[in-house]
Amino acid sequence: MKNMVIRASLRNWFQLFYVHKFPAAGFRTTADGAIILQSVSNDIYQNLAVEDWIHDNMNLENRQVLFLWRNSPTVVIGRHQNPWQECNLKMMRQKNIKLARRRSGGGTVYHDLGNINLTFFTSKRKYERMENLKLVVKALKCLRPQLDVHATDRCDLLLNRNFKISGTAAKLGRTAYHHCTLLCSADRFLLSSVLKSPYKGIKSNATPSVPASVKNLFEEDPTLTCQIVMDAIAAEYAICHQIDHRVTLINPTDETVFPGINNKTKELQSWEWIYGKTPKFSISTCFNMVYKHSFLEVKVDMDIKHGRIEVCNINLPEEWLPPALCGELEKNLIGSKFCPSEMTALASALLRSCPQDYEVHRRWNLLCENMTTTLM
Amino acid sequence: MALRAVRVLGTNWAPLPALPALRRPRAAPLPPPIRVRGLGTSALLLAARKYTDKHEWISVENGIGTVGISNFAQEALGDVVYCSLPEVGTKLNKQDEFGALESVKAASELYSPLTGEVTEINTALADNPGLVNKSCYNDGWLIKMTVDSPSELDELMSEDAYEKYIKSIED
């Protein structure tokens with residue numbers, strides 16, 4: 001019952017904001033209309049869609065929003081990054097870890113339920129990342145005065161001077177938002193493995209990440225759970241903005257509160273956004289295949305634009321496969337998505353259309369499997 | 001005539017190339033004048049920059065507008081590390097988002113000053129995004145586009161109006 005009351009008043013509150021240009025007359029303002037929202041969803045795409053929705057629809061001239069959210073295991077890359085350069089996509093597929101691209105800049109991070117995400121929405125004039133981070137540090141120090149946490153010039157938060165517990169990114173558009181992570185009890189070892197790219201020979205001008213040693217707050221103090229930390233930050237935010245310490249739960253799939261949000265979620269989940277937005281890059285690499293008792297070297301050169309293969313050259317030992325078949329493969333790869341499922345489907349289709357003997361089939365499958373595992 | 005106009009506009013214009021080097025569809029007579037108020041009848045005259053409230057500038061020559069960001073914007077942004085620009089041929093309406101500049105401070109959206117079609121993008125920015133900071137009015141230009149509704153230029157701020165606008169924000 002109480003939940004419904006909150007939902008109804010939230011809808012009204014949002015309706016006050018859901019206009020770009022609100023007539024000044026007749027709009028009653030409260031002292032400082034800040035609000036704290038917390039997502040009930042752990043889906044990265046739904047939560048990123050909330051950020052998009054608030055950015056596109058809310059009038060934040062005299063308002064501020066703090067949005068608290070956590071996600072199931074996901075790797076999140078920055079707006080202009082290359083996922084093949086930043087993370088182990090193969091491992092992520094095996095472990096069911098999602099990949100998302102956010103709209104803000106910055107580097108790659110790993111989220112799981114032990115990581116808190118904080119988004120500070122303000123007008124562009126009031127955009128001030130260091131102030132937000134000072135608020136977080138203050139909240140943590142209120143909780144545990146002995147905690148050694150401070151913000152760096154790069155807008156990282158460091159624990160004990162050496163370990164990164166938070167990274168920051170931001171977007172300036174109609175309005176501004178600054179979001180950051182905060183490691184409470186995340187799987188640090190999975191984080192390190194998954195944020196290491198195995199792919200070699202990539203040349204790209206995509207923005208690179210800056211690796212750092214990380215630590216969880218809970219390793220310093222086992223009583224620091226995500227819930228406790230979120231509450232402390234919300235309390236500090238409420239004090240700063242002179243509002244009630246009340247956190248409003250929101251459902252990012254509710255179209256009555258967020259009209260149009262499900263379209264935003266769909267776009268964020270699309271291959272075109274996640275992979276297709278990768279800046280143009282090239283791959284130049286060799287790999288070895290073992291076949292029967294010989295060691296074969298394969299050289300691959302590719303240009304990838306919008307996540308699709310634009311140029312493709314595969315160099316194999318002479319006559320190991322019928323040259324015509326190889327040529328067909330190269331030709332057909334052009335224009336296809338740079339992804340294992342598409343590569344596998346293409347390879348099978350080609351083989352079916354060119355009847356060959358068993359030996360060729362075996363070699364063909366070996367080549368395609370190796371290309372998929374080594375490159376993608 | 002064109003050179004005289006350059007001197008009037010200020011010292012940070014690169015010297016005009018010799019007339020024959022300018023791309024023109026016909027040797028002579030001159031192409032018809034473009035319908036932009038405030039310009040002389042010679043289509044070779046470089047138009048003064050106009051500004052948006054989002055700190056983009058546009059300068060129209062021979063019906064093609066060159067777009068960039070202002071000095072105020074590049075200073076506020078900090079070092080640009082990546083420029084995300086649209087494909088040639090993209091159709092833009094006035095105020096459409098057409099790309100983003102990523103700096104250490106944030107990813108900042110770029111908004112089209114006018115309605116038109118992208119004819120060229122500054123490919124130098126791919127390897128050298130810092131040009132936007134070093135030379136925001138010249139080598140750091142972002143895109144070129146057609147001017148489908150010349151009257152939209154009148155809605156933009158002149159250099160003086162923009163200076164006043166910046167002062168009002170800074171206060």
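How many residue pairs are in polar contact across the interface of chain A and chain B? In this predicted model, local features need pLDDT of at least 70, side-chain atom pairs count only at pLDDT 80 or more, and totals for chains, interfaces and linings use all residues. Residues are numbered from 1 along each chain as its sequence is written, and side-chain values use heavy atoms, with hydrogens and water left out.

**View 1. Polar contacts between chain A and chain B.** The rule finds 13 residue pairs in polar contact across this interface, both residues at pLDDT 80 or more; a polar contact is a pair of N or O atoms within 3.5 Å, where within protein one must be able to donate a hydrogen and the other to accept it, and residues adjacent in sequence count only if both atoms are side-chain atoms. Strand 10 (residues 168-172) of chain A gives the most to the side of chain A that touches chain B, with 3 residues; strands (E, at least two residues) and helices (H or I, at least four) are DSSP runs, numbered from the N terminus.

**View 2. The salt bridge of B:E109 and A:K171.** The closest N and O atoms of this pair are 2.8 Å apart, and the count between the two chains is 3 salt bridges, each a side-chain nitrogen of Lys or Arg within 4 Å of a carboxyl oxygen of Asp or Glu.

**View 3. Helix 9 (residues 261-269) of chain A.** A:I261, A:K264, A:T265 and A:L268 are buried, that is, under 20% relative accessible area, whereas exposed means over 50% (1.4 Å probe, protein chains only). Seen down the helix axis, the buried residues of helix 9 fall within an arc of 100 degrees, so they line one face; the arc is that of the directions from the helix axis to the C-beta atoms. On the other side of helix 9, A:N263 and A:K266 are exposed.

Terms used: Chains lettered and ligands numbered in written order.
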